[in-house]
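I opened this notebook to record what I looked up around the ligand. The entries follow the order of my reading.

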Amino acid sequence: MASIFTKIINREIPSFTVAEDDKHYAFLDINPAARGHTLCIPKKEVDYLFDLSAEELSELTQFSQKVAKGLDLALEPIRTGVIVEGMEVPHAHIHLIPIYTPTQNFSLGKKISMDEGEMAELAETISKEIRL
Ligand code: 5GP
């Protein structure tokens, strides 16, 4: 059965798109740990990030770097942090989480509340700053 993220890539489930190329997709996390929390995924459905080939992992990392640079330009955090966990969704993904203050609680357990209108506006703002 297709993962929820494959359904998102195929537009069977809606998401707030941040960036896309032929092999990767980036979209806002539905339960953000911070404003701009973005997931970068390979279109190829593989559960465990480190089961990707070295080339696929390198390409996903390079895609994530471009998305992170866009987050930095659009939202001006101190920097953008990275978390890889993958215990909830069995489709490899890299969490990009902007860090706005030195004391920000940087964890997937901490969620902020944003409505759909704010998420849509945010995705558009970020996507304009990403150069793939
Ligand atoms: P992990 O698998 O690394 O624990 O985290 C999975 C992440 O995917 C979570 O942060 C969760 O909020 C996010 N997520 C789960 N389902 C959806 C969904 O349907 N849409 C979006 N945009 N994010 C999702």
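Is K43 buried, partly exposed or exposed? I found K43 partly exposed, with a relative accessible area of 25%; buried means under 20% relative accessible area, exposed over 50%, and partly exposed in between (1.4 Å probe, protein chains only).

I noted the basis of the entries: this is a predicted model, in which local features need pLDDT of at least 70, side-chain atom pairs count only at pLDDT 80 or more, and totals for chains, interfaces and linings use all residues. Residues are numbered from 1 along each chain as its sequence is written, and side-chain values use heavy atoms, with hydrogens and water left out.

Entry: I placed K43 in the loop between β3 and α2; helices (H or I, at least four residues) and strands (E, at least two) are DSSP runs, numbered from the N terminus. K43 and F5 are 38 residues apart in sequence, and their C-alpha atoms are 8.6 Å apart in space. I located L52 in the loop between β3 (38-42) and α2 (54-75). L52 is buried, with a relative accessible area of 7%. Its C-alpha atom is separated by 8.5 Å from that of A92, 40 residues apart along the chain.

Entry: F27. I found F27 in strand β2, buried with a relative accessible area of 3%. F27 and T38 are eleven residues apart in sequence and 5.5 Å apart from C-alpha to C-alpha.

Entry: the shell around the ligand. I recorded 17 residues surrounding the ligand, the closest being D29, E85, G86, H93 and H95; a residue is near if one of its heavy atoms lies within 4 Å. The shell divides into nine nonpolar, four polar and four charged residues. I noted that α1 (4-9) and β2 (24-28) each supply at least two residues of this shell. The largest share, three residues, comes from α1.

Entry: I looked for pairs of N or O atoms within 3.5 Å. An N or O atom in the side chain of E85 is 2.7 Å from an oxygen atom of the ligand. A polar backbone atom of E88 is 2.9 Å from a ligand oxygen atom. For H93, a polar side-chain atom lies 2.7 Å from an oxygen atom of the ligand. Taken alone, the ligand exposes 520 Å², of which the protein buries 92%; these areas come from the Shrake-Rupley method with a 1.4 Å probe.

Terms used
Polar contact = N/O pair within 3.5 Å; in protein donor to acceptor, adjacent residues only side chain to side chain. Nonpolar A, V, L, I, M, F, W, Y, C, P; charged D, E, K, R; others polar.
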